[in-house]
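Thanks for coming, everyone. I will keep this short and go through one structure a piece at a time. Please have a look at it first.

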Amino acid sequence: MSQIAKTILSIFAGILATMGSVEANEGIDFFEKKIRPVLIKRCYKCHSAESEKKGKLKGKLRLDLRDSIRSQGESGLISIAPGNPDESNLYRAISYLDSELLMPPKSRLEKSVINDFKRWIEMGAPDPREGKLKQNISNSIDFEKAKKFWSFRQPKNPIAPSVKNTSWAREDLDLFILDKLEKSHLKPAPKADKRTLIRRATYDLTGLPPTIEEVQNFLNDESSDAFQKVVDRLLASPHYGEKWGRHWLDVARYADSNGLDENLAYVNAFRYRNYVINAFNHDKPYDRFVREQIAGDLLKPPKNESETEQHARKIATGFLSVGAKMLAEDDGRKMEMDIIDEQLDTLGRAFMGMTLGCARCHDHKFDPIPTKDYYALAGIFKSTQTMDNHKVVAQWHETELKSSELLNKQSKVDKEINHQKQVLDQFKTRTSKAIVEEARSHAADYFIQALIDIRKNALIEYTVKQIENNSEDIQKDNVLIEAEDFTRGNGLSSKEGYGEGIGILISSGPTNVEFDINIPKAGAYQLYMRYAAQQSRPGKLFVNENLINNQVTTKTTGTWYPDSQKWHLESTLDLKGGSNIFKFDWTTPTPHIDKLLLIKSSSNNLEDSFDTKHLNKVFSNQWIQQLTLAKKNTKSPLNKWRELIDNPLKTIGKNTIKDIQEEFAKIRKNDPLYKLIHEEIGPFKTPKDVEKLFTENSKNKLKQLQVELSVIKKRRPQTPKAMAVREGKVQDLKVHLRGDYMTQGELAPRGYLRVITNQKINNPSKKSSGRNEFAHWLTKDNPLTARVMVNRIWLWHFGQGIVRTPDNFGKLGIRPTHPKLLDWLAFKFVKNNWSIKQMHRIIMNSAAYHMSSKYEEGYYAIDPDNKLWWRFNRRRLQAEEVRDSLLITGNSIELGMQSQLMQYNPRQYVSQNEHPYFSGSTRTVYLPVIRSGTFDVLQAFDFGDPAVIQGQRSSTVGAAQALFMMNHNIVTKASTRLAMQSNGNPNIGGATVQLYEDILRRKPNEQETQRAIKFLKEEEASEQPSLQAWKSLAQVLLSSNEFMFID
Amino acid sequence: MKKGSFICSGYDTPPISRREMLKKSSVGFGSLALAGLLGEEAKGYSSDKENPLASRKPHFKAKAKRIIFLFMHGGVSQVDTFDYRPALQRDNGKAYPGKKPRIVSSATGDLVASPYNFKQYGQCGQWASEIFPNIASMSDELCFIKSMYGSNSRHGSALLELHTGSDTFIRPSMGSWLNYGLGFENQDLPGYITFKPTGTHGGMNAWSSAFLPAHYHGVQIGTNATPIENAKIPFIDRNGKYLSHQRRELDLLSEINKDHLNQRGYDTNLEARINSFELAFRMQAAAPEIQNIDNETEATKKLYGMDDPKTRDFGRQCLMARRYSEAGVRFVQCSQGYWDAHGGLKKNHRDVAGKVDKPIAGLIADMKSRGLLEDTLILWGTEFGRTPVGQGSDGRDHNPHAMTFFLAGAGVKPGIAYGSTDDHGYYSTENRVHFHDLQATILHLFGLDHKRLTYRYAGRDFRLTDVHGEIVHEILA
């Protein structure tokens, strides 16, 4: 409808509503009776002034005023277009035509009511409800005010407070701790003993227990920097990266499958995992580490960058790619936005402690993040290619990791491959050529045979037609029978589907059918049958109870359908005059048989006796094709024999054959016939699968060459791939209202969080996504980045963060217990060039770290959660530490770095079934993490859900863990290995001490030894304990709290 | 009487139900037994408040204490089972007169009538197709919701939305929320078990506690490929070790751990871990007893269809579900696939229905006769329905816009059908019930306000129904 028409209509409606004419009154009456009550009852709850007041207005749409019902809500569509129901969004909604717009949402209105609305709109929607809408006031965020929130302020270098006890502190950071303790009248716990300290530090930095030797060395080392030496040794160990890399992998929600629907293997994710482990081992500066994970592919390469380093930068962006994804989502656009949301949510919390995901559908309820900022950031990742497509099942992008060494190796092999291919091709060409040449020498015979063949078919067609036309002459010598008209038997007739238009004989199981056929004249006949068969279904033919042929109907024609029906010569037989009984016998169902035809053989038929033994079927077929073409081609070099080709009734005599042979023998190079015989596309063209015509010897030779080729090909190194992102189609997004891409609001040019960056949004270029700029923005003057990371480091050392919500530094996060300490650490971190290892040295050298975990009743009453750090937190071993400790204690751990242990092809579906590596002996960090099917041992020990960022693991104790210790073969294997060392040792006391040392890294006291010996003896009721008794003792010690907890 | 002893092996007394025991406790055996029954595990925690497993009071009086969820994996066609649509039968081969959804899983053609015959059952006159004769005969016990709908047309997303409320993110599952809200009824057993769930389509996430404490994670008993006879609680198999032998080990362990604890003073984690071995030991005795159905009568086994190879597996799932539920396991789930009939629907739905029809009817009858239906809820449902339009002549596509569920037992009206779909069964149109609404209603039946049952994670209060969910009061008794 034109705008003018609309205006006129609405004016008209307005007049109707106000003029007080009879019609207008009727309209208003109609509204009052039929429409208003429905609006009140079914719509106002969410679309009225009342609901707006309660904050329950939906879709920014009010239906309680004439003005508002005729305007648009959030969707941008007019609710009521007077006079035009089809353009009235409200009418569409209540009609329940569109599954995405169903109103009222819970129940459709009565059909009669829907019709009332239609009528009302057609009447011009008369509506007496006066009143104006207030302009929508958007509650915009005051960024200046928001910036004052603690975590958004730039960290300053705080001055360490002065304390009363001046002898306790070992590092400046201790002063912040001590200050608060003193103010609360608490004293720090005494220093932990050396044995506790080395166990604590070793697990802390490597996730493994110290060896007995390491403990002893430390105990013996009385130098003042003995502990620093231990820390340095541990930081230099490759196992450090395995422990701390794993911490980061928790944050990066690392896994080896996408999880969710259609769970596919991320076989290349391990490169990112190993990248992280290496980054920690090499103490990669954290700012660099952050930038690489966001935009490694775009960073300016450092001077003299090695290929490995270049690869590492690309692999690093796996951070963005290894998240959980719903790869089977029919709504591809939703999938894309979901993946971007997952990236933003993860990186927001990982690097900034900001819950960006909360601003996807509406302005963040608590933090100063408007949806516009969310979509400004989302635009960066929309302009980045994470996925190759968003179909079902979607494919994530992988980047090839090429290197000059690899290319060298590949091109070397490629050369060999090419050479071998040449050898192979030459052999093939040579051999085929010989075969074709040999066939050419029989050109005349091929022609004759093809001629006979097409004439035969033409004759059949002719005969059938004649019979059908009741030509008596033909019926004297030939008999045509519809197969479905069999005389007796268990066959079936079908005139539909497979038999459509022709009528056929079919059956459903083993079949025999009989035909009583009246033969006008005794003599020799050829039996032709017309049938279609997708698979060969051979049968037997008996005539007058004599087995004539035990292999009839063997041919296949492509399909079972009528258009595949063909005539086949099945047998040549002698028949008596009068009735003959044909009996067919199949052990299977029949092929789909249309007709039977008996043609009397002429007594001197040369065509039947032409010798074709020396001819090859493949070339024969090519010749038949050629003749079929020749039929239509008036200029064919075969024109000379046109009459024979076209007329099947014209007989071929002895002389004809001789003539042809002589004619072919005379051919000169310039003859068209010579050309036909010799051209590459003619009847002697090299057949596609010419290899089948090779002699056995040649076939073997060919096979050998092919095997050689495949052996060489296998040597070609594959180009490794990494899950990584790259730049995509650069674009800005509009704000998606309520997170729905179907309803879009204002444009949100790509940019950053406005609460952090004050100046005008630093607009990334039109050519790049802005990822690189974003990565730099994160690591330069962003007050959150360093704070969030030092808090993580603190948490992973002490079991609790200074901010106890490590992934949330927003308003709903918990405020830091020691804000100045946090800033001091953040400042130090940046100043030390973001070195994580340096932070370990500082923290582990602190008096806070050296405290024991001793319980103090009074202190516990005041501060049970240890928020003041009056002691060190005792902790349970983490999932990986449990398994690794059991393996190493049982002497069966394999300590090297691993690549991918999964035995899957790229993108193969993963299963939940038992995998052999779970019972293997590699360090746990290298076990594949299957989303939605996490290894049950890890699951039991709070490994957590690898689908989401996990800055802090929970630490529960429960029955499942106890059952694991009691029954799992990881535990029994370790006990058995330990028991085998003790078993048979005549010195039970000595063996017991050894067992304690092996498991708990300390000697038992006298009482413990005696108790153990008593147990062993009682188990055995004899002096010499058995292997079983030792196993029990070992298992008990492995299950002990002392083994499972770190003081 | 020691808690849980009725299921320990080696006792000659016939098993008595927990219900009976509670009755006895309240009339004669006194409060001691009751206290032992409910509070023993509180040891090791300074208070029940600290014990994540302790039984907790609901927000208001609960109608249901336990639930058995019979999950039909793959997408049951509503129009071939309980949602009889005469117009569909009439309009076979015609184009669907309405609009098909914008987002679909596969291309579909015209309307395809159900290949099955329908008739009415019971006093309520519930329609059902011929493939569910046994369930249909229980219609007067059942509360059908014919206007269920979800948000997603893919198995994984839809399955997760049904189980966790979210089709996009990993969230705690319904069973985890219930146990988080109410604690464990039986301290010797997990509060949440799932028999033979599918490992695909989200796998573990369907019974995961996600960010809720790990205690509320569902315990998986077998995979969908495990014969039910072999399905066990993880790590529970002692590999032939005698209980007595293990008892001696645990006694030594306990001594060693107590010494360790004494040297260190008070520590709830150390204490809780000491107790966890005792709990594990009891669970090890209790669970196999529940799974051992030798004591069930032949008549009972037959009721569940265990005499027929076709129904034996799911029948055993259902029978074990009753036994676990009876022992106080709050959330028990049984699963049966695979209903995903894009083609060959006629055979597929007849076959799969044949596996579950008798066992489910048997379960409901058995629960009713034992009085268990009074405080146990039974829920039957699927991740989505199927389209009334065909894929070929004998298949239907996924359809999250309409599906039929039924409930029975605690707190729901029996013998009713709530809501309906359009004439051809493509969309839910009257009294529509989203997964979120059903979840809100289930929590309500357990005495929990879905808006108040929250958990703070990553600085935000989460709930099962997110920002959605309206209680369906009309189906409540």
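One definition before I start: a residue counts as buried if 20 or more other C-beta atoms lie within 10 Å of its own, with those C-beta atoms placed from the backbone. Please also keep in mind that this is a predicted model.

With that definition, take helix H14 of chain A, which runs over residues 286-295. How many of its 10 residues are buried? The count is 9, and the helix is mostly covered. The buried set includes charged residues by name, such as A:Asp287, A:Arg291 and A:Glu292. Also among the buried residues are A:Tyr286, A:Phe289, A:Val290 and A:Ile294.

Next, where the two chains meet. On chain A, 68 residues are in contact with 64 residues of chain B. Which helix gives the largest share of the chain A side? That is H36(A), with 8 residues. Other elements giving two or more residues to this side include helix H17 (332-352), helix H39 (1006-1020) and helix H40 (1027-1038) of chain A. Sorted by class, the chain A side has 24 nonpolar, 25 polar and 19 charged residues.

Last, chain B on its own. Chain B is divided into domain 1, made of 66-234 and 298-475, and domain 2, covering 236-292. The C-alpha centres of these two domains of chain B lie 37 Å apart. Between them, 10 residues of domain 1 are in contact with 9 residues of domain 2. On the domain 1 side of that contact there are 6 nonpolar, 1 polar and 3 charged residues.

Note on methods
Residues numbered from 1 in each chain as written. Chains lettered and ligands numbered in written order. Predicted model: local features only at pLDDT ≥ 70, side-chain atom pairs only at ≥ 80, totals over all residues. Domains from an automatic or database assignment. Contact = placed C-beta atoms within 7 Å. Helix = DSSP H or I, 4+ residues; strand = E, 2+ residues; numbered from the N terminus. Buried ≥ 20, exposed ≤ 12 C-beta atoms within 10 Å, placed from the backbone.
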